[in-house]
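Student: I'm new to this one. Could you take a close look at the side-chain contacts, the aromatic pairs and salt bridges, and walk me through them?

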Amino acid sequence: MKLRLAQYLTARIRHLLPAVVVLAAPLLWSAPAQALPSYAKQTGQACASCHEGSLGPQLTQEGRNFKLLGYSSGAGFFPISGQSILQFTNTNQGQPGGAAEHFGENHNSSLNETSIFYAGRIAPNLGAFIQVTYDGVAQASGLDHTDIRYARSTAVLGKDVVYGLSLNNNPTVQDIYNTTPVWRYPYTSSGLAPAPGAATQLEGGLEHQVVGLTAYTMIDDLLYLEAGGYNGLGHQMRINIGVDNEDKLASVAPYWRVALQKNIGKSFFHIGSFGMHDELYPGYDRSNGRDQYTDIGFDGSWQYTPNKRHHLSAYVADIYERQTLNSSFGAGDAGIRKQFLNSFNASSSYYYAGTYGATVGAFSTHGTTDAVRYPAGDIDGSASGSPNSSGYVLQADWTPLGKKDSFLYPYLNVRFAAQYTHYFHFNGGGADYNGDGRNANANDTFLLFAWLAY
């Protein structure tokens with residue numbers, strides 16, 4: 001029944017999407033989806049009460065509770081919002097042949113993404129975050145992040161308990177912390193810059209090509225528990241919702257999450273762990289068995305708000321992935337059957353008056369060297385056969401709107417930002433990493449963007 005309903009909904013979205021994008025286009029001029037004015041309209045709160053810096057996915061305690069309670073604690077109205085991001089991308093060296101189809105080698109301006117959201121209450125205790133996105137670089141549209149929740153609160157032995165269900169299409173999109181892959185820093189990046197080739201399965205390996213149901217509970221505002229599973233969407237459904245991926249999930253993929261959180265004075269802390277196990281038939285090929293991935297992550301965060309004008313935060317997560325590549329090895333797409341990949345991400349931000357912000361982040365990926373799986377090539381090649389990449393990301397931003405005294409509050413929110421990404425290593429090396437004379441720092445990226453939410 002759930003699958004038939006999902007098929008019907010995605011087919012209707014696919015049918016209506018072109019018209020929606022056309023009708024919305026005159027309103028949009030500025031990706032990841034967050035700090036939507038629809039939440040402010042429903043709750044009557046300023047955007048900064050739920051989000052660090054008034055815009056972006058970093059949730060405050062109030063924002064986490066709003067998501068935890070199923071986006072349904074506001075007033076009942078039809079919560080439609082939109083969002084766009086305009087970008088200018090410059091890399092240290094250009095990309096021969098162009099950064100993407102219809103774009104030059106360097107110095108590119110683009111409409112990175114435009115999204116329309118249903119974001120809020122559907123009925124008592126039931127709410128949703130549903131995003132439909134037009135990708136201005138790929139010039140394609142489809143169903144993006146989706147999280148539909150049913151949540152209740154009660155008391156057990158004198159302790160407050162929140163419990164609920166999440167139906168979603170991307171592992172960790174439902175997470176309430178800012179450390180897991182979907183919502184971590186950088187919250188937007190260029191669609192026209194080179195990116196490292198290796199990533200764990202939790203870092204987008206199943207994005208939008210699955211449907212998952214998880215059950216969760218928050219006990220006494222202290223212990224968070226979540227468990228569930230994901231099943232792969234059919235090939236035709238993927239086409240209908242605009243997902244281009246040829247791997248098939250072989251069985252239900254279990255997912256779990258546990259966290260301890262605590263408010264101490266003016267600080268909030270959390271530590272936790274999360275993970276998933278999935279088995280795939282690459283390219284729908286069943287002849288060589290399955291590729292198996294087990295991801296285990298550990299994370300933590302700290303937020304400090306001494307008063308209404310200052311906000312400090314720090315986030316860290318480390319994901320270890322164990323791989324058994326029976327299918328890829330049998331098909332000649334991997335030279336080693338058992339491999340590993342490790343991903344580290346950390347960031348720290350400061351915001352003043354919910355308006356002026358600065359963030360510094362670091363990232364690192366390392367794993368098994370395999371020249372078959374990570375071959376030499378052009379910009380995305382690896383001469384050493386290594387997946388290792390590392391670097392840092394700096395960002396400064398100005399968010400002039402989104403406060404209660406802002407112009408057109410709460411119908412307009414905008415951020416202007418400058419972001420710089422530097423690579424120490426890229427796809428296995430610092431110098432001549434691809435065997436064609438290109439150094440890692442050739443991919444260093446300077447990004448200017450305007451992010452508009454309305």
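Tutor: Here is a walk through the aromatic rings, then the salt bridges, then a patch of charge.

A bit of housekeeping: this is a predicted model, where local features need pLDDT of at least 70 and side-chain atom pairs count only at pLDDT 80 or more, while totals for chains, interfaces and linings use all residues. Residues are numbered from 1 along each chain as its sequence is written, and side-chain values use heavy atoms, with hydrogens and water left out.

Let's start with the rings. Searching the whole structure turns up 16 aromatic pairs; rings of Phe, Tyr and Trp (its six-membered ring) pair if their centres lie within 6.5 Å, and planes under 30 degrees apart count as stacked, over 60 as edge-to-face and the rest as tilted. One of them is the edge-to-face pair of phenylalanine 129 and tryptophan 183, at 6.3 Å centre to centre with 90 degrees between the planes. That pair links distant parts of the chain, 54 residues apart: phenylalanine 129 sits in strand β3 (residues 126-135), and tryptophan 183 in the loop between β5 (159-168) and β6 (210-219). Strands here are DSSP runs (E, at least two residues), numbered from the N terminus, as are helices (H or I, at least four). Phenylalanine 129 and tryptophan 183 are both buried, where buried means under 20% relative accessible area, exposed over 50%, and partly exposed in between (1.4 Å probe, protein chains only).

Now look at tyrosine 230 and tyrosine 255: their ring centres are 6.1 Å apart and their planes are at 85 degrees, so this pair is edge-to-face. Since tyrosine 230 is in strand β7 (residues 223-232) and tyrosine 255 in strand β9 (residues 253-264), the pair ties together parts 25 residues apart in sequence. Tyrosine 230 counts as buried because its relative accessibility is 0%, and tyrosine 255 is buried too, at 2%. Coming back to phenylalanine 129 and tryptophan 183, they belong to one aromatic cluster with Phe66, Tyr71 and Phe117.

Next, the charged partners. The whole structure has 7 salt bridges, each being a side-chain nitrogen of Lys or Arg within 4 Å of a carboxyl oxygen of Asp or Glu. Lysine 159 and aspartate 220 make one of these, at 3.9 Å from N to O. They bring together distant stretches, 61 residues apart: lysine 159 is in strand β5, aspartate 220 in the loop between β6 and β7. Lysine 159 is partly exposed, with a relative accessible area of 40%, and aspartate 220 is also partly exposed, at 34%.

Arginine 184 and glutamate 203 form another salt bridge, with their closest N and O atoms 2.5 Å apart. Both lie in the loop between β5 and β6, 19 residues apart, and both are buried.

Then there's aspartate 397 with arginine 415, a salt bridge whose closest N and O atoms are 3.7 Å apart. Aspartate 397 is in strand β15 (residues 389-398) and arginine 415 in strand β16, so the bridge ties together parts 18 residues apart in sequence. Aspartate 397 is buried at 5% relative accessibility, and arginine 415 is buried at 1%.
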